[in-house]
Amino acid sequence: MHPDWAIATEELTRTFSKPRRRRGRWGLQWWRKPATENESPRQQNCFQGEDSNSFVALDRVTLQVRRGELFGLLGPNGAGKTTLIKILATLLAPTSGRAWVAGWDVVSHPQAIRPYINMVSGGETSGYGILTVRENLWLFARLYGIPTRLAYQRIDRLLAVVGLEDKAHTRISHLSTGQRQKMNFCRGFITDPMVLFLDEPTLGLDVASARTIRSFIREWLHEHPGRTILLTTHYLAEADELCDRLAIIDQGRLLACDSPAALKRLVQRHPRYSLHLTPGANGWAPLRGMSVIHNLEVIPRVGGVEVQLALRDEGAIGPVVQTLLQQGAQIVNLTKLEPSLEDVFLQLVGRRWEGDDPDGVLAAAQPRTPNVP
Amino acid sequence: MHLVDDDRNSGTEHGAEATTLLGLATPPDSGYCPPWRLFGIAALARAYPRVAWLFRSRFWLIQETVLPVLAAAGFVYAYRAMQAPLEYGGLVILGAALSTFWLNVLWGMGAQLYWERDAGNLELFVLSPAPLTAILTGMALGGMITTCVRALAITVTGVVLFDVPIRPTSWWLLAGVFLLTLAALYGLGLLFASLFLRWGREAWHLVSLLQEPIYLVSGTNFPLSILPKVIAVLASIIPLTLGMDALRQVAFNMNGVFPLSWEAIALACLTVLYVGTAQFSLKHLERRSREEGKLTLRWQ
């Protein structure tokens with residue numbers, strides 16, 4: 001394993017057995033539910049193992065995460081993100097393949113890895129209801145041998161970051177789901193881990209809290225350059241905003257791995273623009289003959305017509321606008337269409353993204369491109 | 001927003017930054033204490049919620065003390081009606097006190113690991129550098145403290161209400177046998193915990209099924225000598241049986257099924273056997289559970 005890698009996997013595969021069906025006295029299967037639409041999409045989908053009684057949650061995943069990197073795993077529900085995190089966090093053994101965290105093999109040296117890592121999962125319900133927030137965090141800090149005084153210093157600081165300082169002495173049984181999630185988030189950072197696994201950390205949080213947490217993650221990494229975060233999310237905006245590099249995973253398979261910008265470039269080789277022209281203006285007709293235009297699409301709209309262009313060259317937008325003006329067309333609006341991670345997903349997977357956008361950041365910031373060339 | 005404090009790297013004990021094969025700095029947090037100390041710290045941390053419960057749960061005294069005394073009272077009055085010696089009342093009270101430890105071992109040690117998994121705590125325990133045995137030791141320690149308070153309350157109430165004549169041959173001997181019984185009982189608890197880790201709900205059913213028969217064969221409410229010797233010998237694999245018989249011999253000067261010294265040796269052997277087997281079994285079953293994905297699988 002390369003010294004710069006905090007995490008590496010090689011052909012990592014995890015297969016799960018389906019629950020065994022009841023068998024009769026003589027070993028005959030006396031009850032069998034036919035495989036129908038009643039089965040969950042996960043059961044129905046195509047990543048069945050070689051044996052029909054098993055399914056492949058992770059299929060020969062090979063990736064490397066550099067030290068100091070904020071690496072994202074993006075995929076829909078059931079894609080295998082949590083399975084991968086659990087293997088890396090030494091909670092689950094792979095069926096085949098290998099994985100290393102902080103230089104140690106997850107199968108042969110789990111105890112050597114554990115002092116270096118921590119994990120926060122979205123929707124986690126850990127802790128003891130009878131203890132206060134501060135006491136719960138202290139308990140988990142002590143499992144890492146952190147002295148009590150230092151633990152309380154960190155707890156107080158982190159609770160202030162997530163805006164939970166006024167709940168420090170409240171029993172966690174009296175906290176809301178979002179407050180509990182904030183507490184769990186603090187738990188992950190209290191041990192100051194070298195590698196932190198964040199499994200959908202903003203799940204169930206309101207918009208403001210999710211933003212605070214995202215900004216804290218960036219700040220923490222900035223202040224601790226050697227630390228590494230592996231973040232799983234099915235929020236596209238979160239992945240786009242936070243991650244240095246992203247791996248897109250679906251049905252257990254790694255489909256692509258690169259920076260968000262590079263992934264977007266994958267799906268848009270030609271710069272795209274949208275021009276809204278006034279009603280009745282058909283000055284766009286000469287555009288069809290322009291060699292700088294790779295692709296042209298005209299969509300009638302209520303307030304006029306929308307012309308979507310894919311140009312061979314970024315600089316060609318000038319001559320295009322000039323031609324339109326010369327032909328008497330009135331341009332109401334001109335927008336550059338940026339590809340989104342949703343487009344990347346659509347191109348790679350062949351179906352639309354079904355995840356949620358936590359606070360509409362992506363939708364607001366980036367107009368959707370209906371057809372990406 | 002610096003989370004790394006300066007004192008982390010200030011001393012050799014805490015901050016000696018060793019390097020791994022990769023050249024990664026050893027996280028100072030893991031360097032705070034050697035493994036044996038981490039074991040103790042983790043055990044005490046896990047014991048804390050149980051002790052906190054003792055002070056924060058308002059109705060525990062009624063639930064945990066008055067109800068068992070009421071249950072024992074029926075047997076005491078039955079013995080009185082039969083004009084049995086006063087020691088028989090003490091025998092019932094001692095049985096009620098010791099059975100609280102048995103219940104704690106079953107549900108507070110064995111089943112607790114199952115509950116911890118469902119709550120999502122187990123994966124955090126496994127993820128941490130603290131060994132699982134430290135967590136279980138913490139559970140045992142916390143359980144012992146709370147159950148000792150409960151058992152003491154039952155005993156005191158019983159002695160006051162029913163005038164039980166406790167006249168031990170030696171208080172030191174009584175304390176020794178009591179501690180030996182606890183060690184063996186909680187050793188068995190460690191073993192149960194590993195079974196729960198493996199079988200989850202099925203282990204739960206098994207333990208529920210065993211609860212009443214074990215009360216019967218261990219002689220909770222009557223002298224063990226009434227039972228056929230074969231049953232007494234077989235029941236001796238449960239520390240409750242031997243411990244109860246030994247404590248009754250010391251506390252009430254009664255005759256036991258076996259000589260006191262034999263029972264003490266057997267209890268010590270059971271402690272070693274259960275703790276040793278539990279350690280091996282926990283390690284093995286944790287590995288199996290990781291392979292089968294049962295360590296983090298909830299509600300099963």
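This is a predicted model: local features need pLDDT of at least 70, side-chain atom pairs count only at pLDDT 80 or more; totals for chains, interfaces and linings use all residues.
# A tour of chains A and B

Residues are numbered from 1 along each chain as its sequence is written, and chains are lettered from A and ligands numbered from 1 in the order in which they are written.

**Stop 1: two helices of chain B**

Helix α3(B) covers residues 60–81 and α4(B) covers residues 87–119; they pack at about 155° with axes 9 Å apart (axes are lines fitted to C-alpha atoms over the stretch in contact, and angles run from 0 to 180 degrees between N-to-C directions). That angle makes α3(B) roughly antiparallel to α4(B) (over 145 degrees; under 35 is roughly parallel, 65 to 115 roughly perpendicular, the rest oblique). Helices here are DSSP runs of H or I, at least four residues, and strands are runs of E, at least two, numbered from the N terminus.

Now display the residues that meet: among them are Pro68(B), Phe75(B) and Tyr79(B) from α3(B), and Tyr88(B), Ile93(B) and Thr100(B) from α4(B) (contact means C-beta atoms, placed from the backbone, within 7 Å). The residues of this contact divide into 11 nonpolar, 2 polar and no charged (Ala, Val, Leu, Ile, Met, Phe, Trp, Tyr, Cys and Pro are nonpolar, Asp, Glu, Lys and Arg charged, and the others, Gly among them, polar).

**Stop 2: chain B as a whole**

Chain B has 11 helices and 0 strands. Of its 300 residues, 48% count as buried (20 or more other C-beta atoms, placed from the backbone, within 10 Å of a residue's own; 12 or fewer is exposed, and in between is partly exposed).

Next select α11(B), residues 260–292: its 33 residues reach 45 Å from first C-alpha to last, close to the 48 Å expected at 1.5 Å a residue (1.5 Å times one less than the number of residues). Its buried residues include Leu267(B), Tyr274(B) and Leu285(B). The buried residues of α11(B) pack against α6, α7 and α10 of chain B. Just after the helix, Gly293(B) takes a positive phi of about 75°.

**Stop 3: where the chains touch**

Show both chains: the contact takes 40 residues from chain B and 42 residues from chain A. On the side of chain B, the elements giving two or more residues are α2, α5 and α11. The largest share, 9 residues, comes from α2(B). The residues on this side divide into 25 nonpolar, 9 polar and 6 charged.

**Stop 4: an enclosed helix of chain A**

Select α4(A), residues 133–142: 10 of its 10 residues are buried, so the helix is largely enclosed by the rest of the structure. Trp138(A) and Phe140(A) are among these buried residues. They pack against α5 and α6 of chain A together with α2 and α5 of chain B.

Those two helices of chain A deserve a view of their own. The axes of α5(A) and α6(A) come within 10 Å and cross at roughly 135°; the helices are therefore oblique to each other. The residues in contact include Ile155(A) and Leu158(A) of α5(A) and Phe189(A) of α6(A).

**Last stop: a loop of chain A**

Finally, select Pro339(A), in the loop between β14 and α11 of chain A. Pro339(A) counts as buried because it has 22 C-beta neighbours inside 10 Å.

Technical notes
Two residues are in contact if their C-beta atoms, placed from the backbone, lie within 7 Å.
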